[in-house]
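Biologist: Can you walk me through this protein? Keep it simple, please.

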Amino acid sequence: MASTSGNSSASAPTQNSGSEGDVQLLMDQRKRKRMQSNRESARRSRMRKQKQLNDLTGQVAQLSKDNNQILASITITTQLYINIEAQNSILRAQVVELSQRLDSLNEILNFINTSGSVYEPDQTLHASLDNSFMNPMNLLYLNQSIRAASADIFQYEY
């Protein structure tokens, strides 16, 4: 009996080690497949990250270019605004001056119209008018030209 059980016990460990070897081989194959799959997944992940990085780098470059163009446009627009504001200041000063001249001329016309007399030059009247208010030649401020004021004279706060 001992020989029978010895034979059966000797053959059982051989089968077990063979099946254990198959299991080990199968586990090794699965491990290699998993490692290969992980490597491929990591490679794809690195490629996606590199593509995202390249895309973001391109966006940064484009946004920097756009930003520089906008800054240049703002600079030009600001300069144009300053120039137009200076011209407006000059025009405002001219409007004030011309309004004052118009008021003065209207006052003179009102004075002439209300006095009821028409200007008739004669020798005695001519002599008295040389120094009078009615002599247009004595009104030098009416013959002055309008001068453009420097833009920096006028300071406006908004």
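Modeller: Here is a short tour of the structure.
Modeller: This is a predicted model: local features need pLDDT of at least 70, side-chain atom pairs count only at pLDDT 80 or more, and totals for chains, interfaces and linings use all residues. Residues are numbered from 1 along each chain as its sequence is written, and side-chain values use heavy atoms, leaving out hydrogens and water.

Biologist: How many helices and strands are there?
Modeller: The protein has two helices and zero strands. Helices (H or I, at least four residues) and strands (E, at least two) are DSSP runs, numbered from the N terminus.

Biologist: How much is buried?
Modeller: Of the 158 residues, 7% are buried. Buried means under 20% relative accessible area, exposed over 50%, and partly exposed in between (1.4 Å probe, protein chains only).

Biologist: New topic. How many salt bridges?
Modeller: A search of the whole structure finds four. A salt bridge puts a side-chain nitrogen of Lys or Arg within 4 Å of a carboxyl oxygen of Asp or Glu.

Biologist: Where do E40 and R43 lie?
Modeller: Both lie in helix α1, three residues apart, about one turn of the helix. E40 is partly exposed, at 29% relative accessible area. R43 is partly exposed too, at 36%.

Biologist: And what does E97 form a salt bridge with?
Modeller: With R101; the closest N and O atoms are 3.5 Å apart.

Biologist: Is R101 buried or exposed?
Modeller: R101 is buried, at 16% relative accessible area. E97 counts as partly exposed, at 24%.
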